[in-house]
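Thanks for coming. I will keep this short, so please look at the model while I talk.

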Amino acid sequence: MDYAAVFQALPGAILLITPELVIADANEALLRRAGRERGQLIGRFLFEVFPDNPDDPDASGTRNLRASLERVVASGAPDTMALQRYDVEAPGRPGVFEERYWSPVNAPVLDADGRVQLIVHRVEEVTETVRAGAGDRVGDRERMAAELYTRAQELQEVNERLRQANDWEREVVLALQEAMLPAPQPVGHHRAAVRYHPAVGALNVCGDWYDLAELPGDRMAVAVGDVVGNGLAAACVMGQLRSALSAAARVVAGPARALEVLGIYARSVDGAESTTAVQAFIDWTTHTIAYSSAGHPPPALLHPDGTVELLDRATDPPLGARPEHVERPEARVTFADDAVLALYTDGLIERRREDIDVGLGRLADALTRHRGADAEALADALLAELLPPGGATDDAALVIIRL
């Protein structure tokens with residue numbers, strides 16, 4: 001299919017804009033409505049081509065449009081604008097602006113890593129609709145236009161207050177997660193590095209968690225988990241499940257039993273369904289790791305020779321997706337001194353439209369290349385290399401333990 005031809009034939013007026021707000025392309029409908037030739041647009045800064053009316057001290061078209069485009073770049077999500085008055089220079093009459101009304105929508109085009117490559121700016125001109133709504137009398141048309149424009153600005157203000165409320169919720173969730181996910185204390189003489197990286201966007205903060213606990217003998221329990229959903233509700237569920245699993249790990253015989261207890265508890269927590277988690281017990285006396293997974297990506301064991309082993313021999317469905325009376329599987333693996341254990345959530349490795357094995361391969365490659373780093377430096381290196389440069393659309397939790 002010739003998508004370039006489809007783009008040019010679309011009846012709606014469309015600009016393709018780079019994240020730097022430079023015009024990359026325009027379809028024929030846009031050129032007709034703007035009264036411009038293609039060469040007057042392509043490669044030029046958007047607001048150089050379409051400035052505000054300098055004779056209108058209340059003009060806000062460029063400010064509102066810039067704010068919407070920047071939100072799309074920051075969030076990777078579409079943004080629908082309220083009705084805008086955005087005057088345009090009359091074709092062939094430089095400096096003479098015509099009163100125009102538009103209904104714009106801005107949507108991102110994402111690459112394989114979830115970064116915004118382009119912004120699709122689609123506008124529907126409603127100038128004639130505004131003018132026709134009040135009949136033929138000039139005074140009525142002006143009053144109708146003013147009324148529609150006022151209502152649109154009120155809607156835009158409401159949307160802005162909603163965005164601010166979402167930003168506030170994001171700050172509350174991050175503060176809650178920070179309080180529940182403190183830096184771990186040394187377990188015996190063993191140290192771990194932990195990281196929590198929130199997703200971009202006001203509503204995308206989710207329920208990822210990690211937990212470490214000292215066990216009798218030279219042993220440690222370590223877990224990571226991921227609650228389905230986002231926002232404050234997911235963070236609250238995360239707190240309940242993290243506490244329950246942390247308590248269970250301290251009193252049961254092994255990681256599988258800890259997840260069984262968590263599964264029973266999760267049935268009484270609204271929003272806990274389909275949560276994934278992995279629990280590992282590390283024993284330095286026997287140099288073994290016992291582990292069990294409830295639908296979670298496999299921990300990675302980096303051996304001193306640089307090979308990476310994915311601990312995937314004890315994987316079962318997520319919480320709430322299996323009968324209570326069925327025992328969860330548990331597996332055991334040995335490790336040598338100076339090996340590294342990495343536990344993480346899917347936000348570290350998964351990408352849109354990409355098989356998870358590709359992300360696991362990236363993780364293994366990064367672990368091998370940085371195998372000489374200490375736990376803190378290794379954690380920083382993994383986040384820097386594996387998260388998309390423009391920001392991840394899902395949270396990521398990471399635990400690194402130098403064995």
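I will go through a surface patch, a helix, an aromatic pair and some salt bridges.

This is a predicted model, in which local features need pLDDT of at least 70 and side-chain atom pairs count only at pLDDT 80 or more, while totals for chains, interfaces and linings use all residues. Residues are numbered from 1 along each chain as its sequence is written, and side-chain values use heavy atoms, with hydrogens and water left out.

The patch first. Met1, Tyr3, Val6 and Leu10 make a nonpolar surface patch of about 460 Å². Patch residues have over 30% relative accessible area and no salt bridge; nonpolar side chains (Val, Leu, Ile, Met, Phe, Trp, Tyr) are joined within 5 Å, like charges within 9 Å. Areas come from the Shrake-Rupley method with a 1.4 Å probe, and for residues only the protein chains shown count as cover. Val6 sits in helix H1, residues 3–9; helices are DSSP runs (H or I, at least four residues), numbered from the N terminus. Val6 counts as partly exposed because its relative accessibility is 36%, where buried means under 20%, exposed over 50%, and partly exposed in between.

Next, helix H4, residues 61–75. H4 has 15 residues and spans 21 Å from first C-alpha to last, close to the 21 Å expected, that is, 1.5 Å times one less than the number of residues. Its buried residues include Gly61, Leu65, Leu69 and Val72. Just after H4, Gly76 has a positive phi of about 70°.

How many aromatic pairs does a search of the whole structure find? It finds one. Phe45 and Phe47 pair edge-to-face, at 5.8 Å centre to centre and 75° between the planes. The cut-offs are ring centres within 6.5 Å, with planes under 30 degrees apart called stacked, over 60 edge-to-face and the rest tilted. Phe47 is buried at 10% relative accessible area, whereas Phe45 is partly exposed at 30%.

Last, the salt bridges, of which the structure holds 20. The criterion is a side-chain nitrogen of Lys or Arg within 4 Å of a carboxyl oxygen of Asp or Glu. One of them joins Glu260 and Arg257, with the closest N and O atoms 2.9 Å apart. These two are about one helical turn apart because they lie three residues apart in helix H8, residues 255–266. Glu260 is buried at 15%, and Arg257 is partly exposed at 42%. Another bridge links Glu330 and Arg332 at 3.8 Å, N to O; Arg332 is exposed at 51%. Salt bridges with shared partners also join Asp25, Glu28 and Arg38 into one network.

Definitions and conventions. Buried < 20%, exposed > 50% of the residue type's maximum accessible area, 1.4 Å probe, protein only. Phe/Tyr/Trp six-rings, centres within 6.5 Å; stacked < 30°, edge-to-face > 60°.
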